[in-house]
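Keep the sequence and the model side by side as you read.

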Amino acid sequence: MRAARLIKMVLLLQSRPAMTAAELAAELEVSERTVTRDAQALSEAGVPVYAERGRAGGYRLVGGYRTRLTGLARDEAEALFLSGLPSALREMGLEDAASAARLKVSAALLPSLRDASSSAARRFHLDAPSWYHEPETPELLPVIADAVWDDRLVRARYRRGGGREGGGDRDRTEVARELAPYGLVLKAGVWYLCARAGDDFRVYRIDRFTSVEPADERFERDEAFDLPAFWEERAADFARSLLRTEVTVRVSESGARRLPYAGDRAAAAEALAQAPPAGPDGWRTVVLPVESLDVAYSQLLSLGPELEVTAPEELRSRFAVAAERLRELYR
């Protein structure tokens with residue numbers, strides 16, 4: 001533990017002109033007294049650390065000193081590629097590895113380039129979770145992430161949710177699976193595992209695992225497996241599978257522009273492309289796939305007077321009631 005801290009202290013001083021005891025203590029998560037003892041230990045070990053007193057003082061390395069401890073470990077190199085996802089790194093238990101990797105890269109850069117990481121961080125930030133959603137870290141995520149990095153089989157128990165698991169309609173039950181965990185996906189604040197179960201690749205929600213036990217055996221990864229392409233295909237299939245019914249609507253020119261933002265964007269765009277041209281009044285008739293009449297009501301109501309439901313009659317009647325209530329409110 002102390003050896004890792006001493007290495008980090010050297011790298012910090014190598015990447016910056018000088019640091020106060022308070023700054024080092026904050027970075028190393030120790031007391032200023034510990035920083036003083038560590039600096040003395042480094043000096044006794046031959047690392048040229050010296051302290052300057054006064055307001056502009058602090059700890060420095062003798063000019064020109066370079067440590068050879070900047071080589072990246074494998075986990076640090078892998079974590080470095082996820083540096084733009086700080087919350088994801090933290091949830092997978094890789095925050096320390098990424099921090100060490102960034103520090104080593106910074107220490108290895110020329111002095112004129114050492115502010116590159118902070119310069120980029122001040123200008124770009126990726127916030128993965130969606131709005132109005134409080135992300136929760138699944139308890140078993142770090143264990144699964146370790147297995148993904150290590151190409152290690154896992155024996156897991158999984159709670160099927162919403163009647164679906166891997167695309168099939170099933171009862172809501174708990175099942176046992178031996179999985180080859182290929183990759184993790186963070187979608188709108190929800191973690192998913194893409195894994196091979198037998199000969200099939202499937203998608204599992206991490207928060208539905210009730211237990212995960214890494215096996216002693218590793219699996220042979222199929223190098224042809226493309227995680228982004230696999231996820232894109234499965235996500236599109238899942239979105240299409242939800243659209244189990246159809247409604248017929250008439251939309252104005254403004255309504256047609258807004259329709260893709262009121263529900264499933266791909267389905268709305270396809271429905272608009274297949275719809276006949278607008279009539280003399282500028283309105284178009286569109287047959288739109290929807291998840292259910294209840295979902296269609298909540299989504300399409302947002303278009304207000306730019307959309308008219310013509311079928312089914314049940315949904316048209318609900319819109320008529322809503323329109324009458326609005327008329328009464330604004331009379």
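Five strands form an open sheet in the order β8-β7-β6-β3-β9, with antiparallel pairing. Strands here are DSSP runs of E with at least two residues, helices are runs of H or I with at least four, and both are numbered from the N terminus. Two strands pair if DSSP finds at least two bridges between them. The model is predicted, so local features need pLDDT of at least 70 and side-chain atom pairs count only at pLDDT 80 or more, while totals for chains, interfaces and linings use all residues. Residues are numbered from 1 along each chain as its sequence is written, and side-chain values use heavy atoms, with hydrogens and water left out.

The edges of this sheet are β8 (200-205) and β9 (209-218), each pairing on one side only. From one strand to the next, the twist averages 45°. Inside the sheet, β6 (residues 174-187) and β7 (residues 190-197) pair in the antiparallel sense over seven bridges. One of the places to look is Leu-184, whose bridge partner in β7 is Leu-193.

Which helices lie across these strands? Helix α8 (residues 141-150) lies across β3 (152-159), β6, β7 and β9. It runs at about 80° to β6. Helix α9 (residues 227-242) lies across β6, β7 and β8, at about 75° to β8. Axes are lines fitted to C-alpha atoms, for helices over the stretch in contact, and angles run from 0 to 180 degrees between N-to-C directions. Contact means heavy atoms within 4.5 Å.

Asp-151 sits in the loop between α8 and β3. Its phi is near 50°, a positive value in a residue other than glycine. Asp-151 is partly exposed, with a relative accessible area of 23%. Buried means under 20% relative accessible area, exposed over 50%, and partly exposed in between (1.4 Å probe, protein chains only). Pro-228 lies in helix α9 and is exposed, at 61% relative accessible area. Pro-228 and Gly-183 are 45 residues apart in sequence, but 9.5 Å apart in space, C-alpha to C-alpha.

Now turn to another sheet. This one is open and has three strands, in the order β11-β10-β12, with antiparallel pairing. β11 (284-290) and β12 (307-311) stand at the edges, each with a single partner strand, so one side of each is left without a neighbour in the sheet. Neighbouring strands of this sheet are turned by 35° against each other on average, direction ignored. Helix α13 packs on the sheet, touching β10 and β12, and its direction makes about 145° with that of β12.

Follow β10 (residues 245-251) next. Four bridges join β10 to β12, and the two run antiparallel. Val-249 stands opposite Val-309 in β12, and Val-251 has Leu-307 in β12 as its bridge partner. Towards β11, β10 pairs in the antiparallel sense over seven bridges. Arg-250 stands opposite Thr-285 in β11.

Pro-312 lies in the loop between β12 and α13.

How does α13 meet α12? Helix α12 (residues 293-300) and helix α13 (residues 313-330) pack at an angle of about 35°, with their axes 10 Å apart. Leu-293, Asp-294, Ala-296, Tyr-297 and Leu-300 in α12 meet Glu-314, Leu-315, Arg-318, Phe-319 and Ala-322 in α13. The contact residues divide into seven nonpolar, no polar and three charged. Ala, Val, Leu, Ile, Met, Phe, Trp, Tyr, Cys and Pro count as nonpolar, Asp, Glu, Lys and Arg as charged, and the others, Gly among them, as polar.

Arg-5 is found in helix α1 (residues 2-15). Is this residue buried or exposed? Arg-5 counts as buried, at 18% relative accessibility. Its side chain and that of Asp-38 are joined by a polar contact of 2.6 Å. A polar contact is a pair of N or O atoms within 3.5 Å; within protein, one must be able to donate a hydrogen and the other to accept it, and residues adjacent in sequence count only if both atoms are side-chain atoms. Leaving out residues up to four places away in sequence, Arg-5 touches Leu-28, Val-30, Thr-34 and Asp-38.

Glu-29 is found in the loop between α2 (21-28) and α3 (32-44). Its phi is near 60°, a positive value in a residue other than glycine. Glu-29 is exposed, with a relative accessible area of 74%.

Finally, the whole chain. The protein chain holds 13 helices and twelve strands. Of its 331 residues, 35% count as buried. Among contacts with a separation of 6 or more, residues 24 or more positions apart account for 62%.
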